[in-house]
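Subject: Structure for your review

Dear colleague,

Please find below the sequence and structure that I am handing over to you. A summary of what was found follows.

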Amino acid sequence: MIKRSIYPSLVKHLSKKEISLITGPRQSGKTTLMLLLKAELDQKKEPTLFLNFDVEWDRVHLESQAALIRKAELELGKRGGFVFIDEIQRREDAGVFLKGLYDQNLPYKLIASGSGSLELKEKIHESLMGRKQLFELATLSFAEFVDFKTDYKYSARLPDFFSIEGERAQHLLAEYMNFGGYPRVVLEEKRDEKIAAIDEIYRSVLERDVAYLLKVDKTEAFNNLVKVMAGQVGNLINYKELSSILGISFVTLKKYIWYAQKIFLLDLVTPYSRNIRKEISQSPIVYFRDLGMRNYPLGVFGNIANPQEVGFVFQNLVYQMLTASLPAGSNRVHFWRTKDKAEVDFVVEKGKRLIPVEVKFKALKDIEIPRSLIHFSEQYCPDEAYIVNLTLKKKKRVGKTDIIAIPYWELLRRSI
């Protein structure tokens, strides 16, 4: 069983009146997580009811609020209990449906889940304002992956494991960078079985989520967009060039990219800028939410070989680790590039603090400070700047800034 870091928060929220709403990409483990919650409640002799929109005989009880209430009263009685609703995005009016149930002040705690969709991410948020807490379940993070692969022996000491078990740690890093974190993929042992799993996941995303969102049967243009974006990880997006390559209008391109974000395929990272004249201020950079989903459409799933490509995939991994470590709120991750070609991979904005981060897929022997990082530090005077690499841990003072080299696994111990 793969342990998920979000699970304790979900258990704690079971005692709250608010709806527990679990979102995330298809096959990230939402149903499994809900069944675990149900099993824990069953063990405590708490009354539970589990309904799934994808199960035909369950769907009749989800056709209306009245039908669901009748079913809950039959199974749980009128004293209360816990009602689980899986794949809630199958309802066109999912937000209104849940709001109506909540506002009736029923004695039932609602736990609902669904894959990313416009209904779930936009309308449901508006309908349930003040009535729900959102829990986003991504595919396995690098920490969750390593924890599982090491049989949870080092759960509180993962950085120590990495510093001591260097060869094994590098093997796990390579596996994660090649195959990503979809639970089904991670659980498969053989490469061909992993490929079959990611193929099924990829096709289900295109044929179900994307087709549903675009209201079309053919998703070729969207598929081509994903392939092109996968090949541009860590690079600026040129919308005009992309539109020409794909043979779709600028408006359609922007719509497709927006959809890709809503179904948890990718993120767009915006530039940091205070000096509009000298710094690029519009084009974002793309990073994928799951590395396996990035590698598969390019035909390099499980077989990343090109050194430059490996560097960009590692950069994508560091992006995931940075965003995972940031608390919700005003903290954001940007990048920085000037028209004079100076660039810094990431700029973490924590309130009024700026923290530049450079990524090097190298086993550094000593701190190598890129000219661009010095340029950024001179301009913005951050207290700290980081160089995330494979092995080196060292600090050096340059001007008013501490330049700190850290191994990537240190990001499992602390946030930048």
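Two strands are taken to pair if DSSP finds at least two bridges between them; strands (E, at least two residues) and helices (H or I, at least four) are DSSP runs, numbered from the N terminus. The model is predicted, so local features need pLDDT of at least 70 and side-chain atom pairs count only at pLDDT 80 or more, while totals for chains, interfaces and linings use all residues. Residues are numbered from 1 along each chain as its sequence is written, and side-chain values use heavy atoms, with hydrogens and water left out.

**The five-stranded sheet**

Five strands form an open, parallel sheet in the order β2-β3-β4-β1-β5. Because β2 (48–52) and β5 (132–136) stand at the edges with a single partner strand each, one side of each is left without a neighbour in the sheet. The twist from one strand to the next averages 15 degrees; axes are lines fitted to C-alpha atoms, for helices over the stretch in contact, and angles run from 0 to 180 degrees between N-to-C directions. Within this sheet, β3 (residues 81–86) and β4 (residues 108–115) pair in the parallel sense over five bridges, and Ile-85 stands opposite Ala-112 in β4.

Helix α2 (residues 30–43) lies across β1 (19–24), β2, β3 and β4, and runs at about 165 degrees to β3.

**Helix α4**

The expected span of a helix is 1.5 Å times one less than its number of residues. For the twelve residues of α4 (residues 65–76) this gives 16 Å, which agrees with the 16 Å between its end C-alpha atoms. Its buried residues (under 20% relative accessible area, with exposed over 50% and partly exposed in between; 1.4 Å probe, protein chains only) are Ala-67, Leu-68, Ile-69, Lys-71, Ala-72 and Leu-76. What covers them includes β2, β3, α5 (94–103) and β4, where contact means heavy atoms within 4.5 Å. Gly-77, with a positive phi near 80 degrees, follows α4.

**The six-stranded sheet**

A further open sheet has six strands in the order β8-β9-β10-β11-β13-β12, with mixed pairing. Its edge strands, β8 (332–337) and β12, each pair on one side only.

Strand β11 (residues 384–389) pairs with β13 in the parallel sense over six bridges, with Ile-387 opposite Ala-405 in β13. By contrast, β12 (residues 394–398) and β13 (residues 401–407) are antiparallel over five bridges, and the bridge partner of Arg-397 is Asp-402 in β13. These two strands form a hairpin with two residues between them, and Gly-399 in the turn has a positive phi of about 65 degrees.

Yours sincerely
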